[in-house]
Amino acid sequence: MTEKITDVAVAVLLKDEGYFLLSSRPEGKPYAGYWEFPGGKVEPGESVEQALKRELAEELGICITHAQPWFTYIMRYTHATVRLHAWRVRSWDGILKGLEGQQFIFQQLQQLPTKLDVAPTLPGCVPIFKALQLPTCYAITAGDSLFTDVSEVLKKLKRHLQVAPLLLQIREKNLALDALRKFANAIIQFRDCHNAVTANQHKLHVLLNVDSAERIALAQELKMDGLHLQAAFLAEVAQNAGEMRRDFAIVGASIHDIRQLAVASKVGCDFAVLGHVLATPSHPQQAGLGWDGFAAIAMATPIPVYAIGGLALDDLTVAQNHGAHGVAMIRAAWR
């Protein structure tokens, strides 16, 4: 028998100061009193965006003026199986009101995941909570091809972290293990010093690019925040995904198509990096996905996806309008 799945539009209302909105479920509905992200069922003939606008007008009395698709995932509750289409809502007109008797509250990102002012929250909130903690900028080192002086990397990290949090991937594929250990250890020491004194919203999280058990062991030794799995390594990692997830807080993967995206999701990755989107100096003869090609894959994903390939921070808005969580950068991150 085919499982019945109900499509639900979910609005993640965001304010520039690092706040997001939660609302309570009113009496008479399943899980009454639980807190959730507002939204509701997509009616026949509606797009997700249309449902989102209608639901927020009915629930909170506001008119959405700017919303971006994010990621889509399935949750199985006792009363229903739902496909949740999470969209980020950046701006709206009107004053928030609980038109269905519900309460609402803005929470700060640094309160995630355990310091929220309200409880309990629906299980369906958990993937969004995790995604909200991922910075929108993902910087990737490539010292073997761009520069080799780790002190220059640290200077640029310090400059970026003055204004925003950062996810950093150490991607030194050509460095021997001892040289990689030295390079990475300098960055980890910087991370520890920086995170000890900075505000939570400007944290640095460091991942190691891996394609072998040897490099995973190095990431464990250096107490990395996580791993970034090369696309060709995904199938091998799938055999021991549970063990890997116990050892690292964040796991991402490079992907190039929907098939690899499905593997990354099955492995339990927190995010994927998809590209290349535009032409890049490293792939001068290869056509990029383009934004439409990127969106065709990213908007169907159960995990957040970064766009990569010829991009800079100036491309963040257009990337997010096409379903990206954020932008991943190699050359542009170090200019």
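Residues are numbered from 1 along each chain as its sequence is written, and side-chain values use heavy atoms, leaving out hydrogens and water. Because the model is predicted, local features need pLDDT of at least 70 and side-chain atom pairs count only at pLDDT 80 or more, while totals for chains, interfaces and linings use all residues.

Let's start with ring pairs. Rings of Phe, Tyr and Trp (its six-membered ring) pair if their centres lie within 6.5 Å; planes under 30 degrees apart are stacked, over 60 edge-to-face, and the rest tilted. The count here is eleven aromatic pairs. In one of them, phenylalanine 20 and phenylalanine 37 have ring centres 6.0 Å apart and planes at 35°, so this pair is tilted. It links distant parts of the chain, 17 residues apart: phenylalanine 20 sits in strand 2 (residues 19-24), and phenylalanine 37 in the loop between strand 3 (35-36) and strand 4 (39-41). Strands (E, at least two residues) and helices (H or I, at least four) are DSSP runs, numbered from the N terminus.

Together with Phe129, Phe20 and Phe37 form one aromatic cluster.

Now look at helix 9 (residues 290-298), where tryptophan 291 and phenylalanine 294 lie three residues apart, about one turn of the helix. Their ring centres are 5.8 Å apart with planes at 80°, so the pair is edge-to-face. Both residues are buried.

Technical notes
Buried means under 20% relative accessible area, exposed over 50%, partly exposed in between (1.4 Å probe, protein chains only).
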